[in-house]
Protein chains: 2
Amino acid sequence: MYRISFAGAGNVSSALCLAFSGAGHKIIQIASRNITVGKTLAQKVNAEWTGTLKFRDDPDFIIVAVSDNSLEDVLKRIDCSEKSILLHTAGSYGLEVFSGNFLKTGVLYPLQTFSKERNINFREVPFLIEASDNEVRNEIIKLAGILSGRVIDSDTQQRRMIHLAAVFACNFVNHMLALSGKIAGEGSFPFSILHPLIRETVCKALETDPVLSQTGPAVRNDFNTIGKHMDLLYFSPGMRILYKEITDSIIDFYRKNE
Amino acid sequence: MYRISFAGAGNVSSALCLAFSGAGHKIIQIASRNITVGKTLAQKVNAEWTGTLKFRDDPDFIIVAVSDNSLEDVLKRIDCSEKSILLHTAGSYGLEVFSGNFLKTGVLYPLQTFSKERNINFREVPFLIEASDNEVRNEIIKLAGILSGRVIDSDTQQRRMIHLAAVFACNFVNHMLALSGKIAGEGSFPFSILHPLIRETVCKALETDPVLSQTGPAVRNDFNTIGKHMDLLYFSPGMRILYKEITDSIIDFYRKNE
């Protein structure tokens with residue numbers, strides 16, 4: 001049984017904390033600025049909430065899951081035992097973000113999008129890891145292996161590229177769906193009639209290859225339909241620009257692949 | 001049992017043709033320019049292939065499923081009985097595209113992305129329909145109801161907006177996945193490690209609302225990570241522009257919704 005503490009009580013921290021606790025490991029402390037959120041999470045896993053970054057009781061791991069923006073600042077202020085392995089969960093940072101005060105450091109980056117109120121099946125989530133030395137690496141592999149069946153050693157540069165790819169595959173995909181929903185509102189039809197189309201689009205792309213499964217006016221160079229769509233988008237100049245840019249990108253992508 | 005003929009032997013035509021035939025209806029003729037493709041499809045459903053647009057045997061329906069670009073031209077050249085109901089399957093056209101020669105016309109637009117080699121569960125696919133008169137409408141509702149549990153009456157303007165929304169929800173989503181796959185190639189990691197992330201992104205967006213489920217650097221106004229991603233994209237100036245445009249669109253979208 002590992003003894004784990006957390007800095008941060010956001011979506012990533014919360015998901016990992018509940019998963020490790022559920023797997024029978026002891027959560028000692030949850031450190032967070034937000035008292036309500038931190039205490040609520042701490043209560044769920046029978047841990048202690050703390051408003052400082054001073055960690056007691058020499059935990060095996062301290063997992064720092066805070067927003068990328070505040071990671072450097074939080075790490076600077078952490079006060080913990082030299083015995084603890086200090087991990088961060090940010091896809092776009094490596095080990096350089098840790099100050100020299102810490103002996104055992106590593107990265108534990110779960111490649112998933114987390115939100116409150118949604119349970120994640122961690123067994124399929126790839127955990128990308130990096131460590132300050134081989135001993136620490138082995139410990140991180142054991143820790144990640146508790147939750148996931150896909151623990152992958154990676155260096156910082158590759159993890160950054162994976163993080164970038166994830167922005168396209170997750171955040172940008174989601175934004176396309178949000179914009180589609182906005183058009184649904186504008187056209188007075190329920191977004192839900194698009195659900196079977198969206199499900200098939202994604203199943204097809206993952207079962208074959210998105211490059212091969214592209215359909216629609218852009219890949220057909222159907223400038224007539226594209227022009228009509230641009231006209232329909234007069235209600236939103238921003239979406240009009242985006243429609244044109246993505247359409248040009250599709251045309252360009254398949255011209256080069258010809 | 002309906003007697004149905006098709007103009008076109010592409011993805012949409014092929015999916016509908018196989019589905020109607022599978023449901024026990026008689027396919028009479030498949031008209032297509034491409035002999036091999038047309039004959040292959042005709043053989044599968046025990047129909048006749050024809051290279052002309054002259055339809056024999058007074059079918060109940062002639063379904064014209066050709067590319068949007070050539071729809072007008074194909075419709076002009078069709079020679080058929082006045083008894084036949086002539087349907088097109090294009091989301092962005094209405095009844096105006098039919099010339100005055102035809103008495104019974106309509107639209108049968110299945111809101112789905114079709115590709116060869118993939119079976120579609122038609123029961124969940126919304127069929128958006130429009131008809132030249134009420135009698136024809138009732139016939140189209142019966143025809144569509146053979147395959148789908150979601151037959152929806154719509155006018156041309158609304159169907160155009162639905163078609164536009166579908167471009168964002170399907171074609172643009174797929175392109176984001178293709179670009180993500182390109183980054184995977186550039187970063188030498190398998191695209192498949194992103195699959196659980198993509199699945200969760202889409203499940204979450206459809207079960208809640210994509211507007212509420214956005215994550216990532218743009219919605220957090222994390223300009224530090226955004227800047228690093230832009231640097232990583234130096235291998236593709238086009239993707240760099242697109243990253244910036246979509247990021248700006250996300251920032252703008254949530255600023256307005258604040």
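Which residues of E7(B) are buried on one side, and which on the other? B:Pro126, B:Leu128 and B:Glu130 are buried on one side of the strand, and B:Phe127, B:Ile129 and B:Ala131 on the other. The legends below describe a predicted model, in which local features need pLDDT of at least 70 and side-chain atom pairs count only at pLDDT 80 or more, while totals for chains, interfaces and linings use all residues. Residues are numbered from 1 along each chain as its sequence is written, chains are lettered from A and ligands numbered from 1 in the order in which they are written, and side-chain values use heavy atoms, with hydrogens and water left out.

**View 1. Strand E7 of chain B and its cover.** E7(B) spans residues 126-131, strands being DSSP runs (E, at least two residues) and helices likewise (H or I, at least four), numbered from the N terminus. Of its 6 residues, 6 are buried, a term that stands for under 20% relative accessible area, with exposed over 50% and partly exposed in between (1.4 Å probe, protein chains only). Both faces of the strand are covered.

**View 2. The neighbours of E7 in chain B.** Two strands are taken to pair if DSSP finds at least two bridges between them. Strand E6(B), residues 105-110, pairs with E7(B) in the antiparallel sense over 5 bridges. In this pair B:Gly106 is opposite B:Ala131. Strand E8(B), residues 150-153, runs parallel to E7(B) and is joined to it by 4 bridges. Here B:Pro126 faces B:Arg150. From E7(B) the chain passes through helix H4(B), residues 134-147, to E8(B) in a right-handed β-α-β crossover; right-handed means that, with the strands pointing away from the viewer, the path from the first strand over the helix to the second runs clockwise.

View 3. A:Asn171 is part of helix H5 of chain A, residues 156-187. Is A:Asn171 buried or exposed? A:Asn171 is buried, because its relative accessible area is 6%. Contact is defined as heavy atoms within 4.5 Å. Leaving aside residues up to four places away in sequence, A:Asn171 touches A:Ala166 in chain A, and B:Gln214, B:Thr215, B:Gly216, B:Pro217 and B:Ile250 in chain B.

**View 4. Two non-glycine residues with positive phi.** A:Glu117 has a phi near 75 degrees. A:Glu117 sits in the loop between strands E6 (105-110) and E7 (126-131) of chain A and is exposed, with a relative accessible area of 82%. In chain B, the phi of B:Asn46 is positive, about 60 degrees. The loop that holds B:Asn46 lies between helix H2 (35-44) and strand E3 (48-50) of chain B. B:Asn46 counts as exposed because its relative accessible area is 63%.

**View 5. A:Lys76 on helix H3 of chain A.** The helix covers residues 68-77 and includes A:Lys76. A:Lys76 is exposed, at 61% relative accessible area. A:Val125 is 49 residues away along the chain, and the two C-alpha atoms are separated by 29 Å.

View 6. Chain A contains 8 helices and 8 strands. Its C-alpha atoms fill a box of roughly 70 × 40 × 30 Å along the principal axes. Of the 258 residues in chain A, 57% are buried. Among contacts in chain A with a separation of 6 or more, 54% are between residues 24 or more positions apart.
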